[in-house]
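Let's take a friendly walk through one protein model. Keep the sequence and the 3D view side by side as you read.

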Amino acid sequence: MTVFANHKYFGGGLKIAPKADLIDGQLECYQMRSGGLFYNVISFIKLFFKRHEYIKNLTYSRLNTASINTEGLLIEADGELIGKTPAVVSVHGQALLFHMPIKKRLQ
C-alpha cells in the first residue's frame with residue numbers, strides 16, 4: 001500500500017501523515033509492504049493508535065511529485081476509485097483558496 005497525503009488526517013480521523021502541511025506543496029508518502037493478514041491487522045491497530053511510524057516495513061518520504069509506472073493498480077482518492085496506474089501524483093501549494101465575504105458596516 002502507498003499513501004500520498006497533503007493533510008494530517010483521513011479516513012474518518014486517522015492521523016496518517018502527522019508532518020503534512022496543506023499549503024507547503026509537499027506530499028507525505030508512506031509505503032508499506034504486505035506482510036500477511038496478521039501483520040496487516042497489527043499495522044492497522046498501530047495506525048489507529050498513531051504509532052504507525054514505528055511499523056517495520058514502512059518507508060517514509062516527502063516529495064513534490066511521484067510517478068507510478070506499474071500498470072493496472074487501482075487508484076483511490078478521498079474514498080473514491082478514480083482510475084488505474086500508471087499515474088503521476090502531485091500537489092500544488094496554496095491551491096485551496098478561501099474567500100471571506102466583507103460585511104457592510106451598519107450605519
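Strands here are DSSP runs of E with at least two residues, numbered from the N terminus. Glu28 is found in strand S4. This is a predicted model, in which local features need pLDDT of at least 70, side-chain atom pairs count only at pLDDT 80 or more, and totals for chains, interfaces and linings use all residues. Residues are numbered from 1 along each chain as its sequence is written, and side-chain values use heavy atoms, with hydrogens and water left out.

Is Glu28 buried or exposed? Buried means under 20% relative accessible area, exposed over 50%, and partly exposed in between (1.4 Å probe, protein chains only).

| Residue | Relative accessibility | Class |
|---|---|---|
| Glu28 | 0% | buried |
| Leu22 | 37% | partly exposed |

Because its relative accessibility is 0%, Glu28 counts as buried. Leaving aside neighbours within four places in sequence, Glu28 is in contact (heavy atoms within 4.5 Å) with residues including Val3, Ala5, Ala17 and Ala20.

Those four names return in the largest nonpolar core, which has 9 residues in all, among them Val3, Ala5, Ala17 and Ala20. Such a core is a set of buried Ala, Val, Leu, Ile, Met, Phe, Trp, Tyr and Cys residues joined through side-chain atoms within 4.5 Å. S1 and S4 are the elements that give two or more residues to this core.

Leu22, for its part, sits in the loop between strand S3 (14-15) and S4. Its C-alpha atom is separated by 8.5 Å from that of Lys8, 14 residues apart along the chain.

Definitions and conventions
Helices (H or I, at least four residues) and strands (E, at least two) are DSSP runs, numbered from the N terminus.
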